[in-house]
Amino acid sequence: MSTAPHTGTRRTTGTSAAVGFLIVMEFGSGLLQGWYPPLLTSIGQEHGTSAAALNWVNAIFLLASVACVPIIAKLGDMYGHRRMLVASAAAVAVGSFVVAFAPSFAVLLVGRALQAPLIAFLPLEFAIVRHRAPDRAGRNIGHLIGALTGGVIVGGFVAGWFMSRIDNLTVVLLVPGVMLALCVPVAHFLVRETTVRSAGRIDWAGAALLSAGLLMVLGGVSNGNAIGWGSPLIIVLVAGGAATLAAFAVVENRTVNPLIDFRVLTKGRLVLPMLIAALLGAQSFGSQAPISLFSRADPNAYGYGLGVSATIAGLLLSITATGAFIASTISDRIARALTPRYAVAFGALVSAAAYTAMIVSHDGVLAFSIWLFLLGFGVGTLTGVVPAIIVGRAPEDSVGIASGIYNSSRTGAGSIAGAMFTLLMSSLVTSVTVGEKTSSISSFTSYATVWAICAALCIVIAVLSPFLDSRRTRTASETTALPAGENEPAPA
């Protein structure tokens with residue numbers, strides 16, 4: 001009897017098992033991304049850190065991902081996507097353990113930086129499912145994106161619930177580390193390696209310049225109040241960082257295989273969509289920590305806040321992610337009904353309205369939940385439509401580069417916004433007395449200002465959107481298989 005049918009069945013079964021595991025792994029990626037926001041207040045209490053400084057928990061993660069994700073994606077093309085997926089999972093697991101056992105807030109931030117390869121999971125998984133089952137790649141990639149968003153929703157709720165029940169921050173922070181550690185051997189043995197390899201080299205000089213420039217600028221900005229804006233150290237950091245970023249742009253334009261290819265922006269009229277992507281990242285990522293901290297703040301002690309438990313805080317963040325999940329799922333229908341450019345305006349205006357409502361009406365959990373859902377819906381619409389515009393405009397031989405720049409612009413802008421909001425919240429403070437202890441905390445004005453800035457960024461997006469011409473973009477079915485570099489964490 002011929003063994004061909006049996007071999008085919010085994011191969012199909014093996015592919016299905018590998019894809020199923022990747023879906024589970026991407027769910028875990030989303031779980032980790034949603035894990036930390038509801039725990040920020042507990043992290044601040046554990047390490048004696050201000051609400052303003054806690055913005056760095058998310059900002060340092062986004063900052064590190066800007067530099068490492070293009071490198072990891074390129075290494076996957078050169079040496080194997082499964083190999084880099086395993087290495088990335090191991091790095092994230094190590095970073096998670098560092099976060100859990102961190103003896104200080106500075107060490108915790110080191111752990112968060114080590115978790116940055118998490119953002120590279122999705123592009124690596126895209127390449128693997130395309131290689132293993134090209135005829136089902138679109139469907140499988142859709143499952144991966146759905147698993148990511150679902151993980152964010154579940155992670156925000158479960159982390160808060162664990163914290164309320166266990167009341168041990170170290171144990172709760174260990175959960176994602178253990179989960180990712182288990183993924184390492186399973187990914188190595190279950191997922192078959194891709195065989196297609198690309199030539200080229202890694203732009204290490206570009207990566208070093210980008211990382212150094214961002215760190216210097218953000219380090220100077222975040223410490224300006226504490227040290228003094230006229231301090232030589234602050235001046236050197238900000239000016240030196242700006243000069244380093246300028247040098248990065250020059251080097252990238254002269255490099256054959258740049259980390260970020262700016263030249264592709266002019267080929268497909270991508271400058272405006274990329275600017276909109278950066279504004280989207282600034283408001284969606286930058287507002288995460290302030291929203292989480294506000295929900296946990298005790299109104300009886302601080303005069304503002306919702307005073308909810310970690311469980312409810314996680315649930316509130318999950319409401320935002322749910323709105324984003326629903327909107328991104330139907331974003332292609334919204335784009336067809338309104339045209340893509342006006343779908344962008346719609347999503348931006350919904351988000352702006354939500355931020356405005358949070359400033360005006362923020363005393364009740366129910367009302368605040370509605371605003372968070374609307375915010376998620378607006379952001380979800382943007383994250384569904386903007387990448388389709390970019391991929392549709394990009395030259396056929398540069399879609400991967402374009403989506404990589406899109407990803408970097410969003411996360412880079414998010415990290416910068418996080419640092420700027422840290423500065424803002426540390427500047428606008430008030431004194432409160434709890435018992436016999438008087439301390440300085442971020443005032444409600446600081447939160448309202450952050451939300452007002454985010455609303456303004458959304459309005460800018462809405463104003464710019466009509467200038468996106470009506471040139472046809474690919475439909476959702478054509479753009480499901482987004483290329484390497486495209487990772488869409490829903491706001492948590």
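Among contacts between residues at least 6 apart in sequence, 81% join residues that are at least 24 apart. The model in which these contacts are counted is a predicted one. Its secondary structure comprises 22 helices and two strands, and buried residues account for 56% of the 492 residues in the protein.

One part of this buried fraction is helix H14, which spans residues 288-296. Nine of its nine residues are buried, and the helix is accordingly described as mostly covered. The buried set consists of Gln288, Ala289, Pro290, Ile291, Ser292, Leu293, Phe294, Ser295 and Arg296. A partner of this helix is H2, formed by residues 40-47. The axes of H2 and H14 lie 8 Å apart, and the two helices pack at an angle of about 80°. Because angles of 65 to 115 degrees count as roughly perpendicular, H2 and H14 are assigned to that class. On the H2 side, Leu40, Thr41 and Ser42 take part, and they meet Ala289, Ser292, Leu293 and Arg296 of H14. By class, the residues of this contact divide into three nonpolar, three polar and one charged.

Helix H18 covers residues 340-360, and its axis comes within 8 Å of that of H21, with a crossing angle of roughly 165°. Since an angle over 145 degrees counts as roughly antiparallel, H18 and H21 are described in that way. The crossing of H18 past H21 is left-handed. From H18, the contact draws on Val344, Ala345, Ala348, Leu349, Ser351, Ala352, Tyr355, Thr356, Met358 and Ile359.

The loop between helix H17 (331-338) and H18 contains Thr339. This residue has a phi near 80°, a positive value in a residue other than glycine. Its relative accessible area is 34%, so Thr339 is classed as partly exposed.

Attention now turns to H21 itself, which runs over residues 444-464 and includes Ser446. Is Ser446 buried or exposed? Its relative accessibility is 0%, and Ser446 therefore counts as buried. The side chain of Ser446 reaches the backbone oxygen of Ser443 at 2.5 Å. When neighbours within four places in sequence are set aside, Ser446 is in contact with Leu424, Met425 and Leu428.

Helix H20, made up of residues 399-427, includes Ser427. Ser427 has a relative accessible area of 38% and is therefore partly exposed. Its C-alpha atom is separated by 7.9 Å from that of Ser442, a residue 15 positions away along the chain.

Conventions. Residues numbered from 1 in each chain as written. Predicted model: local features only at pLDDT ≥ 70, side-chain atom pairs only at ≥ 80, totals over all residues. Heavy atoms only, no water. Helix = DSSP H or I, 4+ residues; strand = E, 2+ residues; numbered from the N terminus. Buried < 20%, exposed > 50% of the residue type's maximum accessible area, 1.4 Å probe, protein only. Polar contact = N/O pair within 3.5 Å; in protein donor to acceptor, adjacent residues only side chain to side chain. Contact = heavy atoms within 4.5 Å. Axes fitted to C-alpha atoms, helices over the stretch in contact; angles between N-to-C directions. Parallel < 35°, antiparallel > 145°, perpendicular 65-115°, else oblique. Left-handed = near helix turned anticlockwise from the far one by under 90°. Nonpolar A, V, L, I, M, F, W, Y, C, P; charged D, E, K, R; others polar.
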